[in-house]
Amino acid sequence: MNKKGAFTGIGKVYKFTLSQLFKNKSNLISFGIFILIALLAVPVMSIFMGGDAESGLAFYTEVSTMEDFLNRDEVGFDSRYFIQYGYSILVMIICVFSCTYIVRSILEEKSSKLVETLLVSIKSEAMILGKILAIITFVFSMIMLMIISFVLSYFVTGMFTDTSFIGAALAGMGISADFLNIGPGLIVIAIISALLACVLLSLIAALSGAGCSNMEDMESANMAATMIILACYLAVVFVTPFGSTPAVFMSLCPFISSFAAPAYYATGDIGMGIMIASWVIQIISILLIHRLSGRVYDSLIMYNGNRLKVGKIMSMAMGRKEGK
Amino acid sequence: MSLVVKNLKKTYGEKVVVDNLSFEMPGPGVYALLGTNGAGKTTTIRMILNMLARDGGEVLWNGRPLTTDNCNVGYLAEERGLYPKYNLMDQLIYFAGLRGVPKAEAKERIKYWAKRLEAEEYLYPSASPAPALEEKKKYKSARKKAFKPKLADQLSKGNQQKIQFMIALISDPELIILDEPLSGLDPVNTDLFKGIIREQIAAGKYLIMSSHQMATVEEFCTDITILDRSKPVLQGNLNEIKKSYGRVNLHLKTEQDATHIIEAQGAKILTEKECEYQLKVTGEEQANKLLAELIAAGIMVITFDLREPSLHEIFVEKVGEVHE
């Protein structure tokens with residue numbers, strides 16, 4: 001039906017999906033376990049490593065003292081590698097979580113034959129976008145709560161025992177606010193980039209999920225998005241040893257930039273201008289993929305047959321609608 | 001108000017699935033879409049609701065293209081489904097919200113329909129009586145279970161269908177599309193659904209019904225289209241169609257054997273069982289002549305019922321004609 005608007009109903013889908021995610025027992029148990037791990041990580045580490053900052057340092061790196069580390073002229077391989085590795089693995093985890101939830105959610109609706117009932121009231125694009133936003137909110141809440149729990153645990157543990165080994169260990173890895181762009185600004189930048197990566201990859205996961213008809217296809221539906229996530233992650237990790245030279249290219253490359261740019265910003269390889277350009281490119285990519293996928297969601301969401309290959313879906317997006 | 005479906009066409013590659021289908025509902029009532037399996041009924045409905053892209057034609061409501069802006073639509077899909085693991089009440093409120101019904105109003109309507117469809121115990125579990133158990137512990141645990149909101153997969157197929165019917169009617173739609181509404185229901189629930197359909201007709205609603213149960217369609221519909229292999233093979237007012245066939249079906253029951261008289265009069269015996277005959281006559285004249293002969297021969301006539309062909313017979317004849 002010619003619905004009231006392309007985005008009418010997104011809010012309702014968002015609210016419903018999010019509430020159901022938080023009501024789901026297994027989700028809550030996972031949530032609880034992750035937070036518990038984050039809360040216990042510092043106290044447990046302090047039992048084994050606390051009280052001796054040097055031991056923490058030695059555990060991670062060959063740099064023996066903070067003085068040596070701070071006296072270095074430029075951002076070294078360690079700093080660049082660990083920052084890039086740490087950030088991209090976090091984005092990868094967030095994206096994999098989001099994509100898996102999205103594929104499952106779409107397949108659940110398709111396999112339980114709810115789609116037709118839903119499509120009387122809402123456009124398929126709005127339905128999928130509402131879902132994506134709800135799932136990203138859920139996954140980000142989970143990650144944020146974990147980080148907050150970890151920070152809280154760090155400060156609370158610090159009141160009772162020596163937690164300086166963590167700072168020392170990070171400094172040993174070349175991660176220090178003293179000469180890297182680390183601060184609240186970087187956290188905001190990292191969150192924005194991770195969000196954009198999540199939305200972009202979730203759109204691909206949604207397309208892949210919509211091209212399947214039953215829950216048995218879930219694993220293969222996840223594959224397309226997972227492969228892209230892995231490719232982005234590996235590209236970033238493999239390029240890092242080449243120093244700051246490819247930083248601008250990596251930061252402006254669609255898909256990869258969300259995995260790379262914030263880390264390059266932290267190491268000072270790119271400035272705020274390139275960072276903003278990277279976001280603009282990500283947003284354009286999101287809009288383009290959303291537009292392309294909008295052409296096929298209607299057909300795919302009604303599709304009932306064997307799993308469609310990505311190539312077929314793309315040809316549908318570029319050409320005319322099909323269905324079965 | 002009026003609904004006009006004009007020259008609807010749908011093709012998948014070379015295959016024509018719906019070929020130039022047109023019909024009109026100038027006023028409230030029930031329009032039946034009938035046809036063999038794969039004739040194009042569900043595709044037609046999906047095109048009316050704009051879930052599937054049309055390759056031609058248009059659907060007008062009051063002279064304007066049908067949209068949810070200008071027409072409140074309720075739809076019971078053939079492929080029915082509910083979220084299997086979500087609370088039923090949450091689902092109903094969600095679907096009502098998508099159809100623009102505010103939460104408070106939705107709750108009132110759910111209450112009404114739950115009572116009307118005898119589904120209160122699934123939506124308001126506290127209303128169901130707790131089993132009488134002597135032991136306090138057992139009683140407590142039983143009460144706890146009884147108060148737990150029901151999930152869709154805890155309901156039988158028929159009861160799930162009640163919930164889906166509620167979803168279709170929750171927005172108090174002016175156009176109601178029911179795809180095989182009574183399939184899979186037991187006789188008690190069939191009567192319950194029929195009663196509600198009758199109420200909707202009396203309330204001046206527009207209904208489009210697709211069904212294989214000819215007797216049911218005959219009970220409600222005023223106009224029909226019979227589709228066969230994507231093409232309409234018979235269309236029009238059901239009474240007019242029946243009249244055009246004439247009164248050619250004769251149900252005859254006698255005390256004595258009347259076979260020789262029936263044969264002498266040239267009537268065709270379709271079935272015969274213990275002096276009860278289903279006959280095909282050429283018209284009223286032949287039937288009257290037969291009755292006169294029976295009386296003249298001193299044969300006691302218990303039943304003499306001359307009637308138009310049933311929709312089932314018309315359907316079989318029409319579709320059979322095309323296949324020959």
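Let's start on the outside of a helix. On helix 11 of chain B, the face turned away from the buried side carries the exposed residues B:Glu284, B:Glu285, B:Asn288, B:Ala292, B:Ile295 and B:Ala296. Helices (H or I, at least four residues) and strands (E, at least two) are DSSP runs, numbered from the N terminus.

This is a predicted model, in which local features need pLDDT of at least 70 and side-chain atom pairs count only at pLDDT 80 or more, while totals for chains, interfaces and linings use all residues. Residues are numbered from 1 along each chain as its sequence is written, and chains are lettered from A and ligands numbered from 1 in the order in which they are written.

## The buried side

Which residues of helix 11 of chain B are buried? They are B:Ala287, B:Leu290 and B:Leu294. Seen down the axis of helix 11 of chain B, the buried residues fall within an arc of 60° (taken from the directions from the helix axis to the C-beta atoms), so they line one face of the helix. An α-helix has 3.6 residues a turn, so residues three or four places apart point the same way.

The cover over these buried residues includes strand 11 (249-254), helix 10 (259-265) and strand 14 (301-307) of chain B.

## The cores

Now look for the largest nonpolar core, which has 147 residues. A nonpolar core is a set of buried Ala, Val, Leu, Ile, Met, Phe, Trp, Tyr and Cys residues joined through C-beta atoms within 7 Å. A:Leu201, B:Met166 and B:Ile170 touch the most other members. Helix 9 (residues 184-210) of chain A gives the largest share of this core, 14 residues.

A second, separate core has twelve residues, including B:Leu252, B:Leu279, B:Leu290 and B:Leu306.

## Where the chains meet

Chain B has 27 residues in contact with 22 residues of chain A; contact means that the C-beta atoms of two residues, placed from the backbone, lie within 7 Å. On the side of chain B that touches chain A, helix 2 of chain B gives the largest share, four residues.

Definitions and conventions:
A residue is buried if 20 or more other C-beta atoms lie within 10 Å of its own, exposed if 12 or fewer, and partly exposed in between; C-beta atoms are placed from the backbone.
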